[in-house]
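Subject: Structure handover

Hello,

Here is the structure I said I would pass on. Please look it over first; notes on what was found in it follow.

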Amino acid sequence: DELDAVVTHSGVLRVAPDRKKLDELYIPAVKRFPHELELWDAATVEARCGPSVPLHGGAPAVYIAAGKVVDVPRYLRALWAAAFQTGLATWTTLEAGERCADADQLENVAAMWSPDERVYAAGAWTPRLSPALEWLPVRPCRGQNLFLRAEEPSEAGTEAAIIERGVGVPVISEKYAVPLRTRPGETLIGATFEYAARGGGREAEDKLFRAPDSAFAAAELREVVASRLFLHARHQTVVGVTAGVRALPPRSHLGSVPLLGRVAEHGAANGWYFTGLGSRGLLHHALLAEHLADAIV
């Protein structure tokens, strides 16, 4: 059942943030991949999504038919369940907070299984798992999503009823707006990018791991999402908020490249690090994990 519901939508609408990107990137991409991408004019967008998606100057948008929206918590639960069913995986739970960075505690846990190899993969927290990992150039970046819903049910055909519908398909343009099939009438919008103050050390970074803040997220997201993706984002009621922390790697001429390698190369034995996937963990984790497993064996 978990696996059946992992993909919540097929098809994503990508709206260009400006005319320059539309002309230089989006339209050439449609011409290059005509079987994968469609250029929707304003009338098509309104017919499929309702009048809730703003298109500046009536400019077209790109529909990605093979684009998928994944329920990540459900996917991770299904992934863990599949791994556990093999009989080769188990887990233990450490108390959340600073104690998770206690190397002695991790050593005690590892001693329970006496592993030949260890993989340190705790996202933005990875550099704290061992003194041998403190050098990792990972920058924590907090992201929050909001769940929105119209305040009251309304008669069909009224403006309020259109607001209730939300967007007809998932829409992305730097930010995103996704109608939630598992929570009818609600729309998920996101995400914020929140960084620790430079030079603030661990104390500043720790603040990124705090509980979600719906007021801050609303101030950051409502207007920008309303202007680019979902006109009614500024009117709907906030009914939920989630937060997570990205592990951002340094940018180079290759872009933001994930961090994967042997800890032994940096003064420690029996370990590998796997972090720095930024906002693209869902896209890259399986391929990189396969490479990591091949390297270990």
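The side chain of R142 makes a polar contact with the side chain of Q144, at 3.4 Å. A polar contact here is a pair of N or O atoms within 3.5 Å; within protein, one must be able to donate a hydrogen and the other to accept it, and residues adjacent in sequence count only if both atoms are side-chain atoms.

Before going further, the ground rules. This is a predicted model, in which local features need pLDDT of at least 70 and side-chain atom pairs count only at pLDDT 80 or more, while totals for chains, interfaces and linings use all residues. Residues are numbered from 1 along each chain as its sequence is written, and side-chain values use heavy atoms, with hydrogens and water left out.

R142 lies in strand β5. Helices (H or I, at least four residues) and strands (E, at least two) are DSSP runs, numbered from the N terminus. R142 counts as buried because its relative accessibility is 0%; buried means under 20% relative accessible area, exposed over 50%, and partly exposed in between (1.4 Å probe, protein chains only). Apart from neighbours within four places in sequence, R142 is in contact with residues including T192, F193, E194, L208, R210 and D213. Contact means heavy atoms within 4.5 Å.

P140 is also placed in strand β5. P140 is buried, with a relative accessible area of 3%. Leaving aside neighbours within four places in sequence, the contacts of P140 are A124, E194, Y195, E205, L208, V245 and R246. The C-alpha atoms of P140 and A196 are separated by 7.3 Å, although the two residues are 56 apart along the chain.

**The second largest pocket**

What lines the second largest pocket? The lining consists of V138, R139, P140, A196, A197, R198, G199, G200, G201 and E205. The elements that give two or more residues to this lining are β5 (139–149) and α6 (201–206). By class, there are four nonpolar, three polar and three charged residues. Ala, Val, Leu, Ile, Met, Phe, Trp, Tyr, Cys and Pro count as nonpolar, Asp, Glu, Lys and Arg as charged, and the others, Gly among them, as polar.

About 160 Å³ of space lies in this pocket. On a 1 Å grid over the protein atoms alone, a pocket is an open set of points where a 1.4 Å probe fits, with protein on both sides within 12 Å along at least five of seven lines; lining residues have an atom within 4 Å of a point. Grid points are joined across faces, edges and corners, and the volume is the space filled by probe spheres set on the points.

**Strand pairing**

Two strands pair if DSSP finds at least two bridges between them. Strand β1 (residues 7–14) and β3 pair in the antiparallel sense over six bridges. Within that pairing, S10 stands opposite K68, and R14 has V62 as its bridge partner in β3. V62 also stands opposite L39; strand β2 (residues 37–40) and β3 run antiparallel and are joined by four bridges. β1 runs parallel to β6, with two bridges between them, and R14 stands opposite I172 there.

A separate set of notes concerns an open sheet of three strands in the order β4-β14-β13, with mixed pairing. β4 (119–120) and β13 (259–262) stand at the edges with a single partner strand each, so one side of each has no neighbour in the sheet. β13 and β14 (residues 272–275) pair in the antiparallel sense over four bridges, and L259 stands opposite T275 in β14.

**Loops**

H56 is in the loop between α2 (42–49) and β3 (61–70). H56 counts as exposed, at 53% relative accessibility. Its C-alpha atom is 9.5 Å from that of V15, 41 residues away along the chain.

E174 is in the loop between β6 (171–173) and β7 (175–179). E174 has a positive phi of about 70° although it is not a glycine, and with a relative accessible area of 47% it is partly exposed.

A191 is in the loop between β8 (186–190) and β9 (194–195). The peptide bond from G190 to A191 is cis, with omega near -10°.

**Overall**

The protein has eight helices and 14 strands. Of its 297 residues, 38% are buried. Among contacts between residues at least 6 apart in sequence, 69% join residues at least 24 apart.

Regards
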